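Trainee: I am new to this structure. Could we go through it together, one question at a time?

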Amino acid sequence: MNKSRFLLIMQREYYSIVAKKSFIVSTLLVPLLVLCIGVVPVVLSELSSADVRQVAVVDETGRYGKELKGNDEFQFSIAGHQESDSRNLRQKFNSDSTGLYAIVVIPANVETTNQVSVYSEKTIQPSLTRLLEEDLDRALSEAKIASYNIPELDKIVKESQVEVTVKGYTWSDDDEEQTSSTEIAMVVGIALSFLTYMFVLMYGAMIMSSVVEDKTNRIVEVIVSSCRPMELMLGKVVGVALVGLTQILIWAVLLGAGLVVISLSGLAAAPAPAELVAPGMPGQAMPSGEFAEIMQGLLAVNWFQILGVFVLYFIGGYLLYSALFAGFGSAVDQQSDASQFMTPVMLIIVFALMIGQACMESPDSTLGVVCSYVPFTSPIVMMVRLPYDVPFWEVALSILLLYATAGVCIWLAARIYRRGILMYGHKASYKDLLRWLR
């Protein structure tokens, strides 16, 4: 293989994609969207808390209406204790000048039916339902306990209610304890597996589209007159792979910078006590509460190992699937004809993602371990298992099998590409592909 021709094709494929405005826009917008998904709900909840909705309470018992404390979103006010039908409530709703959001009716037999009614012009928000249920559950439970007339029974019940908090720790090689979080491991694993799925599918399809486009425009006839088909296919595969690595690097830098900004803003908003000072960071404290636990869990993750292995699996999985896409793309004349070859490959990728999701609860299950070795599923399944400290030999064996299979697929795809790239007017079948391989 001529090295200079291979580099020339690779550079052409790389710059033709990177220079597009769509690539630049998507590369810059995706990290922003990811950060917004985490930040916007918090901001919206803060903004929505400023609108306090008025809720009238018709308490026919005369006892439980005062137990509705309200919050920053809903404010309750006692409207009376008389029984009212729905028509009278509607008239009261329309005549009220304060802008009622809803009317809550606590019936006289609520202690036996355990049911209250809410009337409004629109479907009520779930947050109001949860608030009513929490307050009335507590009030009715206390009333039920008091009905037994046992001295200090309510105190005994309250003291007997215990909440257990589970904190995970892992031992390092030097027998030091490190904080671990199952939830964070699950989120990191499924996020990396989904990224692998998205990148392999997206850039693999990009390879097929590029091959079909060159073949449709007859450009490939000019190109193969000065280079070998093997050089052309590998140049396309490696060029698009570099595009993917470039995008991953930019996303990692932007997301890392965004997380640093968010964490620093959290530090400024909630100063931490001395016991939450981050190790190795003199003078800088971790924020208290749930934010501190999340940050400690994130810091406990071995990001260098996980991201390094992620890159290896991304490259191996991409080479494997892109070779298949390139070989199949050379066998068709139009993009619409490629579905017969793309569908089985896409089903395998989707199956791998489903297995990865199943491994979230049981990462060491037999199915998860076996699929971690199968090259067609290991790039996705192993990403889910990796945050759970998979033994090194399993990762090494899986990567070895992945790259060996990718090499075989590239060799087989090159044989198909050599015959199919210059064939027009013939709709290839699987039987034709087998014949070309021989």
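What follows is a set of questions and answers about this chain.

Mentor: Before we start, please keep in mind that this is a predicted model, in which local features need pLDDT of at least 70, side-chain atom pairs count only at pLDDT 80 or more, and totals for chains, interfaces and linings use all residues. Residues are numbered from 1 along each chain as its sequence is written, and side-chain values use heavy atoms, with hydrogens and water left out.

Trainee: How many helices and strands are there in the chain?

Mentor: Helices (H or I, at least four residues) and strands (E, at least two) are DSSP runs, numbered from the N terminus. Counted that way, the chain has 16 helices and six strands.

Trainee: What share of the residues in the chain is buried?

Mentor: Buried means under 20% relative accessible area, exposed means over 50%, and partly exposed lies in between (1.4 Å probe, protein chains only). Of the 438 residues in the chain, the buried share is 37%.

Trainee: How many residues of helix H14 are buried?

Mentor: Helix H14 covers residues 378-385 and is largely enclosed by the rest of the structure. Its buried residues include Pro 379, Ile 380, Met 383 and Arg 385. The number of buried residues in H14 is eight of the eight.

Trainee: Which residues does Thr 196 touch, not counting those up to four places away in sequence?

Mentor: Thr 196 has its place in helix H7 (residues 182-216). At 0% relative accessibility, Thr 196 counts as buried. With contact taken as heavy atoms within 4.5 Å, the residues that Thr 196 touches are Phe 310, Pro 379, Ile 380 and Met 383.

Trainee: Which residue meets Arg 385 in a salt bridge?

Mentor: Side chains of opposite charge can pair when their charged atoms come close. A salt bridge is a side-chain nitrogen of Lys or Arg within 4 Å of a carboxyl oxygen of Asp or Glu. Here the N to O distance is 3.4 Å, and the partner of Arg 385 is Asp 364.

Trainee: How many residues apart in sequence are the parts tied together by that pair?

Mentor: Arg 385 is buried, with a relative accessible area of 1%, whereas Asp 364 counts as exposed at 60%. Arg 385 lies in helix H14 and Asp 364 in the loop between helix H12 (339-358) and helix H13 (366-373), so the pair ties together parts whose separation in sequence is 21 residues.

Trainee: Where is Arg 63, which meets Glu 111 in a salt bridge?

Mentor: The side chains of Glu 111 and Arg 63 meet at 2.9 Å, N to O. Glu 111 is partly exposed at 45%, and Arg 63 is partly exposed at 42%. The two are 48 residues apart and link distant parts of the chain, with Glu 111 in helix H4 (residues 110-113) and Arg 63 in the loop between strand S1 (53-59) and strand S2 (74-80).

Trainee: Which residues are linked with Glu 13 in a network of salt bridges?

Mentor: Glu 13 counts as buried at 4% relative accessibility, while Arg 12 is partly exposed at 41%. Their side chains meet in a salt bridge of 3.6 Å, N to O. In the network, the residues linked with Glu 13 are Arg 12 and Lys 236.

Trainee: How far apart in space are Ala 56 and Tyr 101, C-alpha to C-alpha?

Mentor: Ala 56 is found in strand S1 and is buried, with a relative accessible area of 3%. Leaving aside neighbours within four places in sequence, its contacts include Ser 77, Leu 100 and Ala 102. Ala 56 and Tyr 101 are 45 residues apart in sequence, and their C-alpha distance is 8.2 Å.

Trainee: At what angle do the axes of helices H15 and H16 cross?

Mentor: Axes are lines fitted to C-alpha atoms, for helices over the stretch in contact, and angles run from 0 to 180 degrees between N-to-C directions. The axes of H15 (residues 392-420) and H16 (residues 430-437) come within 9 Å of each other, and they cross at roughly 105 degrees.

Trainee: Which residues of H16 make the contact with H15?

Mentor: On the H15 side, the contact is made by Leu 412, Arg 415, Ile 416, Arg 419 and Gly 420. On the H16 side, the residues are Leu 433, Trp 436 and Leu 437.
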